[in-house]
Amino acid sequence: MANITASGVFGANVPAMICINYDKEMYNVRGIWHGVNPLDYIQPVFMLQVILAFVVPRIVYLLLRPLRQPRFVCYLLGGIILGPSVLGRHKPLMDKIFPHKEAVLLNSVSAIGALFFIFITGVKMNTAMVLETARNAWRVGVSCLLLSLLVTIVFCTILQPFIHIAPATPLILIFTSLLCATFFPATAYALQELNLLNSELGQLAMSASMTNEMFLWLCMVMTVIVMQSSSSEVFAACLATIGFIVLAIGVVRPAAKYIVKRTPEGKPVKEVYVILVTITALLMSLMSELIGGTFVQGALITGLLVPEGPPLGATIVEKSELLIMEFFLPMFYVQVGYHLNVTLITDWKQFASWQLIVVAGVLGKMVGAMVASLFFTISIRNAFLLGLILSIKGVPHILALGNARQNKVIDSQSLDTLALSEMVLTAILTPMVEMLYNRQAIQSLSCSYKKRTKTLQTTRRNEELRVLSCIHNEDNVHSIITLLETSNPTYISPICVYAFHLVDLIGRAAPVLVQESKTKFKRSISNHIAKAFANYTKCSRGPVETHSYTMIAPYKTMHESICGFAEDKLIPLIIVPFHDNQEVKHANAIRNFNKNVLLYAPCTVAILVDRGFHRPLQLVQFSCNIAVLFIGGVDDREALSLAARMSTHPNVSITVLRIITTEDTNQEAPYSESETILDDILMDEFKQMTSSNACVVCKEVEAKDSVELMEVIRSVKNKYDLVMVGRRRGFKSKFEQEMVEWVEHVELGVIGDALTSSDFCGGTMSILVMQQCGDVNVGAGGATQFEVLKDNLSFHQG
């Protein structure tokens, strides 16, 4: 006989001690061929548990995802279905799939899953950002925690006779703190599913949750020390805590930095280092258990001490995240469901009391966020959403409930009730946040167009030109710098460049936007890019001011920060590299990013297709030959406006081909007439401005049908360094309508796609495709295109 403990990371409803017959033969699997039931052996049963843990929650997720339910809810519900609440109602089946002899193995695997989930969440966390944002967001986090804690304690005290917990004990204080706490891993995981990591609201929520958790752990450590019965125990507790901290800061952190230092830039981290860090996480978790805490503290602290992002943090996440999230973590949810039995909830007064406490805690957190909004620049609507986000639950909350049950702070029914309540609460709050935020985003987008942001046509040529350039790798730098130089910075109209190095969010939980001059990593690719732009300011023909940033965020939400930055700085032009020039593994993500920028940008967007558009910047050697295809429309006018600025550069030659088509458009007559008037005005202004410039040639070509139009476009093949064209959303000629179904890259438009096609023009020309966004007729400050054109013409004539 052998005694096996059945409680694991989660409190059990089954007896704490189970006696089973230990048979060595139960590891020697015998199957149907031997006339034996394979489910009588440990290995087949465990493999069946793994299969069920993977399949059932996935099915629940597929069914509930249309209702915008998060993975936490679906996976926890899948675990409950596999547990005694649903499947366990058929006892013979339950005994076969989840026999008591499997309890130790299931608990051990689930504990490993929870441990490494907390660990990689800590690895993703940017500890520098914690310290930076703590100065700004700590009041919000503490306000939410304290008000929620106060309300929870009051309701627990009033309803104490119904919830059956002992009042006024330190354990109760710790439990109520955990009940209303906001844990960073849960918040970051929820924001990632909601695609809000890169939003201002998401960053505020993560900062508040970080501060909340730090304050909570500090209070808990102090409470545990005070709980000691004698001074010697207090001294021992303090000594053990200090020793653990010294080990973490004095050994683990320097070792992690040493690994980063020993890894050459751009090279992967050695596998032996990854294994050592993983073992260190287990060791630190063991140490935290030995001093009286739980493995959660050790795993989280170890993860925090590992430098996030590449090379070490990103490598650990890449190598372990899939296995942890898709194998170990589902086993954790199965183990939770195994110990939950909602059918045993019979004390409905206790059930109702806990619901009041949970709802009161959420309301307290929301009121705390709104109170904080009165003293900071946070709108009431955002404060309301912040309170909802901070109330979303996750894995750490389930672990906290399990610890409370093991310490006998709450009984089994309270455990079932609170776990079920947190699942239902998250199921309600997550889609509510998604719907309210999306509605707010649509309204904000509508308002942003009403702000009349600037475009190239509404930017006066005697003022500074601000450009936001997006860079994915070092190969993008030279072509963008060449494009900036051809735009002719002068003392009357200098150029201000905001260079953003865009990095996908790997090995981090929170997005980062940092100005490169403030970063400590001087060997990084971002620093090389910043140095290239700094050198450009010295070599440029005219005055150029550069500001280099590194943005680390998910590609699917990165456009939000880019568009928001452009709107705040009143930037009229965003330059993005074409995805076909990037690494294959990021090509699709970059293409979607470009499409999102085109869709949401409040200004003009230019997609640069680089096919060798590199020129030396020395004044003696620099020269560039550019063609502009002008058919008409708002996008083509943006291309011509940029060409007008380039035409003042003495070493830039420009050929403008105005293509006059006789095909009818599908637009209404008044709209077509107004667009034609604007086309004629801008073209006349351009001709007047460049009439004495021998480097500028304007031609008019008539195309009677699509064949002639194709010949005109083909005529620019291999004759120019750069061809500029508008994306042409406004007009759809018969030719374009016929070609739409053959377009491979919609973001380039019909003409731009034809120019980049290897079948049409050989695919060797560099192309700049431009699209104007926002209100096409009104610029910043209310100046119309007619007013700006008139002022620009007077300026050049003067």
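These notebook entries record what I looked up in a predicted model.

**Basis.** I number residues from 1 along each chain as its sequence is written, and I leave hydrogens and water out, since side-chain values use heavy atoms. For this predicted model, local features need pLDDT of at least 70 and side-chain atom pairs count only at pLDDT 80 or more, whereas totals for chains, interfaces and linings use all residues.

**Entry 1: helices H4 and H12.** I took helices (H or I, at least four residues) and strands (E, at least two) as DSSP runs, numbered from the N terminus. Two packed helices are described by the angle between their axes and the distance between the axes. I found that the axes of H4 (residues 103-124) and H12 (residues 295-305) come within 6 Å and cross at roughly 30°. H4 is therefore roughly parallel to H12. Axes here are lines fitted to C-alpha atoms, for helices over the stretch in contact, with angles from 0 to 180 degrees between N-to-C directions; angles under 35 degrees count as roughly parallel, over 145 as roughly antiparallel, 65 to 115 as roughly perpendicular and the rest as oblique.

I next listed the contacts (heavy atoms within 4.5 Å). On the H4 side they include Ala 111, Leu 115 and Phe 119, and on the H12 side Phe 295, Ala 299 and Leu 300. The residues of this contact divide into 11 nonpolar, 3 polar and no charged. Nonpolar covers Ala, Val, Leu, Ile, Met, Phe, Trp, Tyr, Cys and Pro; charged covers Asp, Glu, Lys and Arg; the others, Gly among them, are polar.

**Entry 2: His 501.** I located His 501 in strand S4 (residues 495-504). Is His 501 buried or exposed? His 501 is buried, with a relative accessible area of 7%; buried means under 20%, exposed over 50% and partly exposed in between, with a 1.4 Å probe and protein chains only. Leaving aside residues up to four places away in sequence, I noted that His 501 touches several residues, among them Ile 471, Ile 525 and Tyr 549. A polar contact of 2.5 Å joins the side chains of His 501 and Ser 526. Ile 552 lies 51 residues from His 501 in sequence and 8.3 Å away in space, C-alpha to C-alpha.

**Entry 3: positive phi.** Most residues other than glycine have a negative phi. I noted a positive phi of about 65° at Arg 68, which is not a glycine. Arg 68 is in the loop between H1 (42-64) and H2 (71-82) and is partly exposed at 31% relative accessibility. Leu 570 has a positive phi near 50°. I placed Leu 570 in the loop between H20 (555-568) and S7 (573-577), partly exposed at 38%.

How values were computed
Polar contact = N/O pair within 3.5 Å; in protein donor to acceptor, adjacent residues only side chain to side chain.
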